[in-house]
Amino acid sequence: MDYLEIKGGDKLSGEIRVSGAKNAALPILAATILAKNPARITNLPNVADIKTFLKLLNLLGGESQFDAENHTAIVDTRDLKFTTATYEIVKTMRASILALGPLLARFGECRVSLPGGCAIGQRPVDLHLKALEKMGAEIVISEGYIYAKAPTGGLKGATIVFDKITVTGSENIIMAAALARGETRIINAAKEPEVEQICEILKAAGVKIKGAGESEIVVQGTAGELVDFAAIDVISDRIETGTYLCAAAIANSPLTLTCAAPRHLTAVTDKLAEMGFGFDFTRDSISIKPAAEIRAANVVTSEYPGFPTDMQAQLMALATQANGASVIEERLFENRFMHVSELTRMGAKIALRGNTATVTGGGLIGADVMATDLRASSALVLAALAARGTSRVHRIYHLDRGYENLETKLRSIGAKIERKKEK
Ligand code: EPZ
């Protein structure tokens, strides 16, 4: 297994090109199950989760060529013939659940392994299943698998009210509704840019959809007619963008991020501005400028467009450098503070009470720390950039799931960071 060795304390400067969004690319790859012709996808991030989803599509009988160098894939699902997403693949990537809606819509039945929980929480999929039942599906859970069967003639349009806002739940139902018979109204849908993009690519493929990016989405299904995608260019990764903004902020250094989408992370740049950092924006770039003094700030995570839960750990690492105490409340996941104990080992002063962490600013000292989940790992890297001395972040396979060339990008702006092999 690899680890990252980081010598902290240096100022950073320069420019980083943001990659395509993993959490937009995953539902897009799932949507290719609905296609009658090969789909060409550009700006695909070269990260482990994307390779895993392409492997899933190939296991189902699809064909995909991924030119990682050029971030482009051609995905051909014309010969898809298997309809089981096995435990072997789902246990490595929970987002495989995104195959459920499209497989059921196209083939009328499928088996998808229940994604287990993960470090950040139990992560149930009950809302996905309840919504599909509303569309006429018969769902049976047995031996760790979801067995789903559509009614004769295929899934029926329905009115779906989500009890909780669910990103992949919304995406699953939008894709199922695209091939259903009749109209589906989704109420309390997720408004993330990644959900908006899946609506946009289906609209460009001829599916009638109203309310993309809003909390109410109406889909007119094609009654089983497969779709023909136009060329798809994945939107930029707002969480990767926010992570590198926090890297510059924690080193109190200037940085420009290009190929970014500033309007997708207003809650993050607003919060960093509140902490004292300056910003310049263009349509597709963000430049952060050092703070005269890094001020403490309070954060409550919420669904888009609120402060993203996927940025909570990174903001917590930055808060260790602020003057005063920052109160961070995690409202989406029940166990998304796994990074707290590791940051504490680096000298961070963090008091935990339920889903609220109070971080008191003070210096950090380099240490050996362990990554537990994707965003917690990035928070440990950020902390190591500010810590005095050397840190080693272990189990960075978590990082490789969602960050493309993280150490190369950080080295390019002056960080002393190296990937090494555990002895
Ligand atoms: C997506 O996960 C993202 N993953 C997550 O990013 C992100 O943290 C999360 O949305 C919230 O923004 C992808 O898009 C692939 P949810 P998802 O369904 O869809 C509860 C990362 O770091 N819930 O919106 O699984 C759930 O337990 C990852 O890239 C149910 O109770 O999240 C949670 O408390 C981590 N029943 C809340 O809703 C359900 O059926 C939001 O979950 C579904 C969800």
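Let's start at Asn43, which sits in the loop between β3 (39-42) and α2. Keep in mind that this is a predicted model. What is the phi of Asn43? Near 60°, a positive value in a residue other than glycine. Most residues other than glycine have a negative phi.

Stay with α2 for a moment. Helix α2 covers residues 48-59, and helix α1 covers residues 22-31. Their axes come within 10 Å and cross at roughly 5°. Angles under 35 degrees count as roughly parallel, so α1 is roughly parallel to α2.

Who makes that contact? From α1, we have Lys22, Ala25, Leu26, Leu29 and Ala30. From α2, they meet Asp49, Ile50, Phe53, Leu54 and Leu57. By class, the contact of α1 with α2 has 8 nonpolar residues, 2 charged and no polar ones.

Pro305 lies between β18 (299-300) and α10. Look at the peptide bond from Tyr304 to Pro305. Is that bond cis or trans? It is cis, with omega near 10°. Most peptide bonds are trans.

Which residues touch? On the α10 side, Ala313, Gln314 and Ala317. On the α12 side, Arg375, Ala376, Ser378, Ala379, Leu382 and Ala383. Sorted by class, the contact of α10 with α12 has 6 nonpolar residues, 2 polar and 1 charged.

Last stop, the ligand. There are 20 residues around the ligand. Which of them come nearest? Leu127, Thr166, Thr168, Asp310 and Leu332.

Three of those names come with atom-to-atom distances. Take Leu127: a backbone N or O atom of Leu127 is 2.7 Å from a ligand oxygen atom. For Thr166, the side chain places an N or O atom 2.7 Å from an oxygen atom of the ligand. For Thr168, a side-chain N or O atom is 2.6 Å from a ligand oxygen atom. So what counts as a polar contact? A pair of N or O atoms within 3.5 Å. By that cut-off, the Leu127 pair at 2.7 Å qualifies. The Thr166 pair at 2.7 Å does too, and so does the Thr168 pair at 2.6 Å.

Key. Residues are numbered from 1 along each chain as its sequence is written. This is a predicted model: local features need pLDDT of at least 70, side-chain atom pairs count only at pLDDT 80 or more; totals for chains, interfaces and linings use all residues. Side-chain values use heavy atoms; hydrogens and water are left out. Contact means heavy atoms within 4.5 Å. Helices (H or I, at least four residues) and strands (E, at least two) are DSSP runs, numbered from the N terminus. Ala, Val, Leu, Ile, Met, Phe, Trp, Tyr, Cys and Pro count as nonpolar, Asp, Glu, Lys and Arg as charged, and the others, Gly among them, as polar. A residue is near a molecule or strand if one of its heavy atoms lies within 4 Å of it. A polar contact is a pair of N or O atoms within 3.5 Å; within protein, one must be able to donate a hydrogen and the other to accept it, and residues adjacent in sequence count only if both atoms are side-chain atoms. Axes are lines fitted to C-alpha atoms, for helices over the stretch in contact, and angles run from 0 to 180 degrees between N-to-C directions. Angles under 35 degrees count as roughly parallel, over 145 as roughly antiparallel, 65 to 115 as roughly perpendicular and the rest as oblique.
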